[in-house]
Amino acid sequence: MAEIGRRARAAARTLALAGPEQKNAALMAAAAAIRARSADILAANAADVEAARASGQSVALVDRLVLNAARIAAIAGAVEEVAGLPDPVGRVLERWTRPNGLVMERVATPLGVIGVIYESRPNVTADAGALCLKAGNAVILRGGSDSFQSSRAIHAAMVEGLEEAGLPGDAIQLVPTRDRAAVGEMLAGLGGAIDVIVPRGGKSLVARVQAEARVPVFAHLEGIVHVYVDHTAELSKALDIVRNAKLRRTSVCGAAETLLVERAAAGTHLDPLVAMLLDAGCEVRGTPEVCALDPRVKPATDADWTTEYLDAILSVKLVDGLDAAIAHIEANGSHHTDAILTEDADAARRFLAEVDSAIVVHNASTQFADGGEFGFGGEIGIATGRMHARGPVGAEQLTSFKYRVHGTGQTRP
């Protein structure tokens with residue numbers, strides 16, 4: 001692990017000086033290699049999926065793990081999309097001239113070496129590698145044991161792209177062991193080699209990283225996502241959005257987990273929304289007044305309001321209005337993504353201003369909480385902290401800055 005860190009630091013110095021054309025050439029070559037190696041990647045993934053099912057892993061985990069031809073094409077397409085993004089390195093963020101004639105510039109620079117620890121999703125191997133490369137960073141990837149073979153196959157394609165473009169293969173390294181001790185070494189920083197850690201996985205992984213890391217962390221612990229429907233919301237629009245927010249993919253962190261309906265909309269919106277969810281195969285857990293609508297609704301417990309189900313389960317509650325909805329979200333949410341469905345512009349403005357989440361949404365599905373949907377060309381993760389990166393972490397968020405000072409002989413009196 002120490003040697004991996006040393007090689008990553010050396011590669012980061014080379015990448016920091018690489019121009020946009022060379023980085024983009026590496027990304028395009030990596031995307032081509034992913035397509036060319038599709039059969040190998042699928043075979044590796046089939047072995048991972050078989051092992052996951054044999055060990056009794058959950059449906060949600062297997063869904064995150066499975067690859068098919070369409071998903072591999074999407075992985076390659078995402079790498080190409082990153083290549084098409086503006087280069088985030090070298091941007092002059094601000095420029096000003098002091099009274100003494102000194103010209104000051106704040107300029108975007110790479111962070112250095114990123115450590116990414118992830119579970120289940122083999123596409124993270126390509127997404128993280130591509131975004132870190134675009135931002136001039138080396139990356140050390142530690143995939144989950146359940147996606148070990150898939151990640152190795154995708155990683156080989158990424159390294160092929162780097163080397164074809166004349167960049168060091170060590171710029172994207174995959175930890176070659178399932179041993180969990182490797183995670184501890186990364187959290188300790190590999191002797192100063194790692195600048196930032198990004199965890200992608202379940203709550204226990206993220207909690208461990210946040211508790212033990214000795215370097216900065218970009219992460220979110222949970223995605224307890226709310227949708228609030230007020231009395232002005234268009235019912236047909238609300239039905240479509242709530243269904244999509246909950247059921248498009250239940251295992252993603254942007255999936256809705258709690259539906260809040262304004263009490264003034266109980267007679268018009270609540271019953272159709274609950275019936276739609278139940279008929280679509282979603283388990284609904286509600287307060288007594290929600291349970292009274294349909295015998296299929298199960299009573300909600302206090303724990304339901306703070307549970308990230310990652311499954312076809314949704315908790316539903318009536319609230320007295322916008323203030324009560326915001327209070328519920330503040331008390332029970334995870335500052336990830338929350339949405340309001342309303343035709344009242346003032347209510348929307350207040351919700352977007354007052355809900356303290358990384359992503360706040362008006363009249364759209366919470367499942368847009370994704371770097372690709374933001375135009376970032378994918379994401380390395382979603383961060384809910386308040387320092388540096390917040391929300392989807394794309395290439396631009398994987399840069400820092402330095403100051404360039406231009407003088408003509410000035411000395412300080």
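## Salt bridges in a predicted model

The side chains of Glu396 and Arg91 meet in a salt bridge, with 3.7 Å from N to O; a salt bridge here is a side-chain nitrogen of Lys or Arg within 4 Å of a carboxyl oxygen of Asp or Glu. This is a predicted model, in which local features need pLDDT of at least 70 and side-chain atom pairs count only at pLDDT 80 or more, while totals for chains, interfaces and linings use all residues. Residues are numbered from 1 along each chain as its sequence is written, and side-chain values use heavy atoms, with hydrogens and water left out.

**Exercise 1.** Find which parts of the chain the pair Glu396 and Arg91 ties together.

*Solution.* Begin with Glu396, which lies in the loop between strand S15 (391-392) and strand S16 (399-406). Then locate Arg91, which lies in the loop between helix H5 (69-83) and strand S1 (92-97), so the pair ties together parts that are 305 residues apart in sequence. Helices (H or I, at least four residues) and strands (E, at least two) are DSSP runs, numbered from the N terminus. Finally, consider accessibility: Glu396 is partly exposed at 47% relative accessible area, and Arg91 is partly exposed at 26%, where buried means under 20%, exposed over 50% and partly exposed in between (1.4 Å probe, protein chains only).

**Exercise 2.** Describe the salt bridge between Asp279 and Arg296 and the places where the two residues lie.

*Solution.* The closest N and O atoms of Asp279 and Arg296 are 3.1 Å apart. Asp279 belongs to helix H11 (residues 266-279), whereas Arg296 sits in the loop between helix H12 (288-291) and strand S10 (298-299), and the two are 17 residues apart. Asp279 is exposed, with a relative accessible area of 60%, while Arg296 is partly exposed at 42%.
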